[in-house]
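Work through the exercises below with the sequence and the structure at hand. Try each task before reading its solution.

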Amino acid sequence: MSLLELHGVTRTVPLPDGTDLHILRGVNLDVEAGDHVSIVGRSGTGKSTLLNLIGMLDLPNAGTYMLDGVDTLALSESRRAALRGDKFGFVFQQFNIFPTRTALENVEVPLLYATDKRFWARHRLAADMLERVGLGDRLESYPAQMSGGEQQRIAIARCLVRKPKVILADEPTGALDPDTGQAVMGLLEEVAREQNSALIVITHDMKVAQRAGTVYTLSDGILHDVNMFDDDEARPVPASGSTPAMPGPGGTVPGGPERLAAPRETAPDKKAFRKEGEAR
Ligand SMILES: Nc1ncnc2c1ncn2[C@@H]1O[C@H](COP(=O)(O)OP(=O)(O)OP(=O)(O)O)[C@@H](O)[C@H]1O
Ligand SMILES: [Mg+2]
């Protein structure tokens, strides 16, 4: 039994002109505990829509979704909300951090809902996690006083502080320079490994995508497993150091479905966080 099992999942929304937009047309996805999956695809292909469905923030029109053996679509809204808070950590595309709360208070938010000792330890846990993302010296700063990349790292610390079994990250490195981006990915991977969590990352950056064990493209409302095209003779490895590629028309990666690198076992590069902190 997989941790996550989505089968035939569709999502259709009505448009103002009375027509329907078929965003997802039958997504199948199996994710095991400890898996690292990335999803690439052109803008508007439905990646965030899919992540919201996986995180139970939205409901599909059709299909099935089992989470740890539980039929999520059969649950009441309150049970879904409880399961969501228990299992998932989100890094949203638009950070969604609270502007009127400090960095520390933002990261404490998920722990306010903890029903165990983590509630009482929330200051220390939040401060430790901010330290791990290189913001240990900015606990009392407000988001408006911080750069976009620093706000992104608050969002990442908030995602990880409850040690979720499923980490859902929508463009987690979108606002970061390449070094900090790789360091943040290293941290997400390290925390996921520590607790055998699944890590699902949406990205436009092929270097970030290639860190995953499985890479999917989302196009025409369907997930395509890029690794299925893996063919050592026929598919060239992208030149190292090349500009991170944007997915091309149809949600494919420019140059065809290239062979993608095996998952990397790199530890997070804390130096990259420090570098930025020291520069301030
Ligand atoms: N509630 C909604 N009502 C109408 N259209 C919607 C709704 N939600 C999403 N869409 C549309 O569905 C499509 C998929 O949106 P989504 O945000 O999932 O794309 P995405 O792949 O995450 O794009 P990006 O890479 O730009 O973030 C878009 O065309 C979007 O405009
Ligand atoms: Mg999106």
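**Exercise 1. Find which residues of H5 and H6 meet, and describe how the two helices pack.**

Step 1. This is a predicted model. Start with the contact itself. From H5 come Gly149, Arg153, Ile156 and Leu160. From H6 come Thr180, Val184, Leu188 and Val191.

Step 2. Sort these residues by class. The contact holds five nonpolar, two polar and one charged residues.

Step 3. Turn to the axes. Two packed helices are described by the angle between their axes and the distance between the axes. H5 covers residues 148–160 and H6 covers residues 178–194. Their axes come within 11 Å and cross at roughly 5°.

Step 4. Draw the conclusion. Angles under 35 degrees count as roughly parallel. H5 and H6 are therefore roughly parallel to each other.

Step 5. H5 lies across E6 and strand E7 (166–170). Its direction is at about 175° to E6.

**Exercise 2. State the strand order of the six-strand sheet and name its edges.**

Step 1. Read off the order: E6-E7-E8-E3-E9-E10. The sheet is open, and its pairing is mixed.

Step 2. Find the edges. Strand E6 (88–91) and E10 each have a single partner strand, so one side of each is left without a neighbour in the sheet.

**Exercise 3. Follow E9 to its two partners, E3 and E10.**

Step 1. Begin with E3. Strand E3 (residues 36–40) and strand E9 (residues 214–219) run parallel and are joined by four bridges. In this pairing, Ile39 has Tyr216 of E9 as its bridge partner.

Step 2. Move to E10. E9 pairs with strand E10 (residues 222–225) in the antiparallel sense, again over four bridges. Here Tyr216 is bridged to Asp225, and Ser219 is bridged to Ile222.

Step 3. Look at the turn. E9 and E10 form a hairpin with two residues between them. Asp220 sits in that turn and has a positive phi of about 55°.

Step 4. Step back to the loop between helix H7 (206–209) and E9, where Gly213 is placed. Gly213 and Ser38 are 175 residues apart in sequence, yet their C-alpha atoms are 8.1 Å apart in space. Gly213 has 16 other C-beta atoms within 10 Å, so it is partly exposed.

**Exercise 4. Describe the four-strand sheet.**

Step 1. Give the order: E2-E1-E4-E5. This sheet is open and its pairing is antiparallel.

Step 2. Name the edge strands. They are strand E2 (20–31) and strand E5 (70–71), each pairing on one side only.

Step 3. Take one pair inside the sheet. Strand E1 (residues 4–14) and strand E4 (residues 62–67) are antiparallel and share five bridges. His7 stands opposite Thr64 in E4.

**Exercise 5. Which residues surround ligand 1, and which elements supply them?**

Step 1. List the shell. The residues are Val13, Leu21, Ile23, Gly41, Ser43, Gly44, Thr45, Gly46, Lys47, Ser48, Thr49 and Gln93.

Step 2. Assign the elements. E2 and helix H1 (47–54) each give two or more residues to the shell. H1 gives the most, with three residues.

Step 3. Sort by class. The shell divides into three nonpolar, eight polar and one charged.

**Exercise 6. Glu171 and Asn196: is each buried or exposed?**

Step 1. Count its neighbours. A residue is buried if 20 or more other C-beta atoms lie within 10 Å of its own. Glu171 has 20, so it is buried.

Step 2. Asn196 has 12 C-beta neighbours inside 10 Å, so it counts as exposed.

**Exercise 7. How many helices and strands does the protein chain have?**

Step 1. The secondary structure comes to eight helices and 10 strands.

Step 2. Of the 280 residues in the protein chain, 44% are buried.

How values were computed:
Residues are numbered from 1 along each chain as its sequence is written. Chains are lettered from A and ligands numbered from 1 in the order in which they are written. This is a predicted model: local features need pLDDT of at least 70, side-chain atom pairs count only at pLDDT 80 or more; totals for chains, interfaces and linings use all residues. Axes are lines fitted to C-alpha atoms, for helices over the stretch in contact, and angles run from 0 to 180 degrees between N-to-C directions. Angles under 35 degrees count as roughly parallel, over 145 as roughly antiparallel, 65 to 115 as roughly perpendicular and the rest as oblique. Two residues are in contact if their C-beta atoms, placed from the backbone, lie within 7 Å. Ala, Val, Leu, Ile, Met, Phe, Trp, Tyr, Cys and Pro count as nonpolar, Asp, Glu, Lys and Arg as charged, and the others, Gly among them, as polar. Two strands pair if DSSP finds at least two bridges between them. A residue is near a molecule or strand if its C-beta atom, placed from the backbone, lies within 6 Å of it.
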